[in-house]
Amino acid sequence: MRGNPKRRSKRVVSFKLRPELVPQPLWGVSACKLLNGRAPWKAIRIAELSRAGHRCETCTSSSVPLFCHEQWTYDDRKAITTLTSFHIACSDCNLALHMGLAHLRGEFDKALTQLCQVNKITEEEANRLFNNARAVWKRRSEKHWRVGVVPRLLVSYPQLKVLVGLDTRRTGPARDLRFVVTGKEIVRAE
Ligand SMILES: [Zn+2]
């Protein structure tokens, strides 16, 4: 028999909203940060807001501000992180997504309340969700990462090429990354 029957029968709980803590070596490595203030990022944001009908894709709130959240996956074995899509989030859902940051800003309780409401779970369960995310974050923060973008997204937004191939081993702190616009291209400044 293939697979592990015990594992197969384990119930997988999926939540509409869960904290996504960015591993420390990747802080600042985001399309928003690297393209911020420039037309190439605004173009992505406008297109994604339109796709989502100017509503939060988690709780359907249309209260502004709405954030263009980046969804990243992590291949822990290969240490590769990949930008896979964008997701429009209201400020409360955005706070819950960035719960580590909410914690630092003294808004942890607000983020926890949103986790409870959206997922229809108790505070204890929401706390457990955060603690699990924090344990994963800690493990992922101990290594360097290479950065990729799914090809489908690069077709829609070629400006995301700035992210492809970044390696935290070589780039050092992401806050030091600099990019320059040359014609239609955005390239990393040496
Ligand atoms: Zn929301």
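Figure 1. From the N terminus on, the elements of the protein chain follow the order α-α-α-β-β-α-α-α-α-β-α-α-β-β. The model shown is predicted. Its secondary structure comes to nine helices and five strands. Of the 190 residues in the protein chain, 28% are buried. Among contacts between residues at least 6 apart in sequence, 59% join residues at least 24 apart.

**Figure 2. The open sheet of strands E1, E2 and E3.** Three strands form an open sheet in the order E1-E2-E3, and their pairing is mixed. E1 and E3 are the edge strands, each pairing on one side only. From one strand to the next the twist averages 40 degrees. Strands E1 (residues 66-75) and E2 (residues 80-90) run antiparallel and are joined by 10 bridges. Within this pair, Tyr74 stands opposite Thr81 in E2. The pairing of E2 with strand E3 (residues 146-149) is parallel and spans four bridges. Here Thr82 stands opposite Gly148 in E3. Strands of a sheet pair through backbone hydrogen bonds, in either the parallel or the antiparallel sense.

**Figure 3. The hairpin of E1 and E2.** Four residues lie between the two strands of this hairpin. Ala79 lies in the loop between E1 and E2. Its phi is positive, about 55 degrees, although Ala79 is not a glycine. Most residues other than glycine have a negative phi. Ala79 is partly exposed, because 17 other C-beta atoms lie within 10 Å, a count between the limits of 12 or fewer for exposed and 20 or more for buried.

**Figure 4. The loop between H3 and E1.** Two backbone features are shown in this view. Thr60 is found in the loop between H3 and E1, and has a positive phi of about 70 degrees although it is not a glycine. Thr60 counts as exposed because it has 10 C-beta neighbours inside 10 Å. Pro65 also lies in the loop between H3 and E1. The peptide bond from Val64 to Pro65 is cis, and its omega is near 0 degrees. Most peptide bonds are trans.

**Figure 5. The largest nonpolar core.** This core has 38 residues. Those with the most contacts inside it are Ala31, Ala89, Cys93, Ala96, Ala111, Leu115 and Leu163. Two or more core residues come from each of helix H2 (31-35), helix H3 (39-51), E1, E2, helix H4 (91-97), helix H5 (99-104), helix H6 (108-119) and helix H7 (123-140). E2 gives the largest share, five residues. In soluble globular proteins, nonpolar side chains tend to be buried together.

**Figure 6. Surroundings of Cys93.** Cys93 is one of the residues with the most contacts inside the largest nonpolar core. Leaving out residues up to four places away in sequence, Cys93 touches Leu17, Cys56, Thr58, Cys59, Gln114 and Val118.

Figure 7. H3 has 13 residues and reaches 18 Å from its first C-alpha to its last, close to the 18 Å expected at 1.5 Å a residue. Pro40, Trp41 and Ile44 are buried in H3. These residues are on the same side of H3 because they cover an arc of only 100 degrees around the axis. The exposed residues Ala39, Ile46 and Ser50 are carried on the face turned away from the buried side of H3. H3 is followed by Gly53, whose phi is positive, near 70 degrees.

**Figure 8. Helix H7 and its cover.** H7 has 18 residues. From its first C-alpha to its last, H7 reaches 26 Å, close to the 26 Å expected at 1.5 Å a residue. The buried residues in H7 are Ala126, Leu129 and Phe130. Seen down the axis of H7, its buried residues fall within an arc of 95 degrees, so they line one face of the helix. An α-helix has 3.6 residues a turn, so residues three or four places apart point the same way. H5 and H6 are included in what covers the buried residues of H7. Turned away from this buried side is a face that carries the exposed residues Glu124, Arg128, Asn131, Asn132, Ala135, Lys138 and Arg139.

Terms used
Residues are numbered from 1 along each chain as its sequence is written. This is a predicted model: local features need pLDDT of at least 70, side-chain atom pairs count only at pLDDT 80 or more; totals for chains, interfaces and linings use all residues. Two strands pair if DSSP finds at least two bridges between them. A nonpolar core is a set of buried Ala, Val, Leu, Ile, Met, Phe, Trp, Tyr and Cys residues joined through C-beta atoms within 7 Å. Two residues are in contact if their C-beta atoms, placed from the backbone, lie within 7 Å. Axes are lines fitted to C-alpha atoms, for helices over the stretch in contact, and angles run from 0 to 180 degrees between N-to-C directions. The expected span of a helix is 1.5 Å times one less than its number of residues. The arc is that of the directions from the helix axis to the C-beta atoms.
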